[in-house]
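Hello,

Here is the structure I said I would pass on.

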Amino acid sequence: MPVFLHTRIRVSSLDRSARFYCENFGFQVKSRSDRSPAGNQIVNLEMPGSAHTLELTYSDDYDLNVPEDLMHFAIGVPDLIATCDALEKKGVEIWPDGWRETFVSGRKMAFVDDPDGYEIELLERPDA
């Protein structure tokens, strides 16, 4: 049976992006390569408890332009309000406006953007 292993995104700064994901969402650096076979610099991030990894890729000859609403990935959190409160204290903008009022009951979700504009969906999951 196939297994979903990782997702790669191109970033404008490996250090800035790795720091963002590690400090805000608990990712850890699994590995780092200064030169892949294709000439890219790569940082692989893992989240404890998740088999899927996030591959950050940088190349100085690549002009990064992340179109709005290109893609997103989701991170499950046990308490969305507490998570978003902590992120806001760190200066991370939560959207859409009024998300607290929109998702008062039922499945709660909100979004943030990473430093390059990739969308991250935050989903409240008691099992997270």
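Start with the strands. Strand β1 (residues 6-10) runs parallel to β4, and five bridges join the two. Two strands are called paired if DSSP finds at least two bridges between them. Helices (H or I, at least four residues) and strands (E, at least two) are DSSP runs, numbered from the N terminus.

Before the rest, two remarks on the source. This is a predicted model, in which local features need pLDDT of at least 70 and side-chain atom pairs count only at pLDDT 80 or more, while totals for chains, interfaces and linings use all residues. Residues are numbered from 1 along each chain as its sequence is written, and side-chain values use heavy atoms, with hydrogens and water left out.

Strands

Arg10 has Thr57 as its bridge partner in β4. The charged end of Arg10 also sits over the ring of Tyr62, 4.3 Å from the ring centre. That wording applies when NZ of Lys or CZ of Arg is within 6 Å of the ring centre and within 35 degrees of the ring normal.

On β4, five of the six residues are buried, so the strand is mostly covered. Buried means under 20% relative accessible area, exposed means over 50%, and partly exposed lies in between (1.4 Å probe, protein chains only). β4 also pairs with β3, in the antiparallel sense and over six bridges. Leu45 stands opposite Leu54 in β4. The hairpin of β3 and β4 has six residues between the strands, and Gly49 in this hairpin takes a positive phi near 95°.

Met47 is found in the loop between β3 and β4. With 18% relative accessibility, Met47 counts as buried. Not counting residues up to four places away in sequence, Met47 touches Phe25, Phe27 and Ile75; contact here means heavy atoms within 4.5 Å. Met47 and Gln28 are 19 residues apart along the chain, and their C-alpha atoms are separated by 6.2 Å.

β5 and β7 run parallel and are joined by six bridges. Gly76 stands opposite Leu123 in β7. Which residues of β5 are on its covered face, and which on its uncovered one? Phe73, Ile75 and Val77 are on the covered face, and His72, Ala74 and Gly76 on the uncovered one.

Core and rings

The largest nonpolar core has 28 residues, of which Tyr21, Phe25, Leu56, Ile75, Ile120 and Leu122 touch the most other members. At least two residues of this core come from each of α1 (14-25), β3 (41-46), β4 (53-58), β5 (72-77), α2 (80-89), β6 (109-113) and β7 (119-124). α1 supplies the largest share, five residues. A nonpolar core is a set of buried Ala, Val, Leu, Ile, Met, Phe, Trp, Tyr and Cys residues joined through side-chain atoms within 4.5 Å.

Tyr21 is buried, at 0% relative accessibility. Leaving aside neighbours within four places in sequence, the contacts of Tyr21 include Ile9, Leu45, Leu54, Phe73 and Ile120.

There are six aromatic pairs in the structure. One of them joins Phe20 and Tyr21 edge-to-face, at 5.3 Å centre to centre and 90° between the planes. Phe20 and Phe25 form an edge-to-face pair as well, with 5.8 Å between centres and 65° between the planes. Rings of Phe, Tyr and Trp (its six-membered ring) pair if their centres lie within 6.5 Å; planes under 30 degrees apart count as stacked, over 60 as edge-to-face and the rest as tilted. Phe20 is buried at a relative accessible area of 12%, and Phe25 is buried at 11%. Ring pairs link Phe20, Tyr21, Phe25, Phe27 and Phe73 into a cluster.

Helix α2

The buried residues in α2 are Leu80, Thr83, Cys84 and Leu87. Why are they on the same side of α2? They cover an arc of only 95° around the axis, the arc being that of the directions from the helix axis to the C-beta atoms. The buried residues of α2 pack against α1, β5, α3 (99-102), β6 and β7.

Backbone

Most residues other than glycine have a negative phi, and most peptide bonds are trans. Asp69, in the loop between β4 and β5, has a positive phi of about 60° although it is not a glycine. Asp69 is exposed, with a relative accessible area of 57%. The peptide bond from Trp95 to Pro96 is cis, with omega near 5°. Pro96 is in the loop between α2 and α3.

Regards
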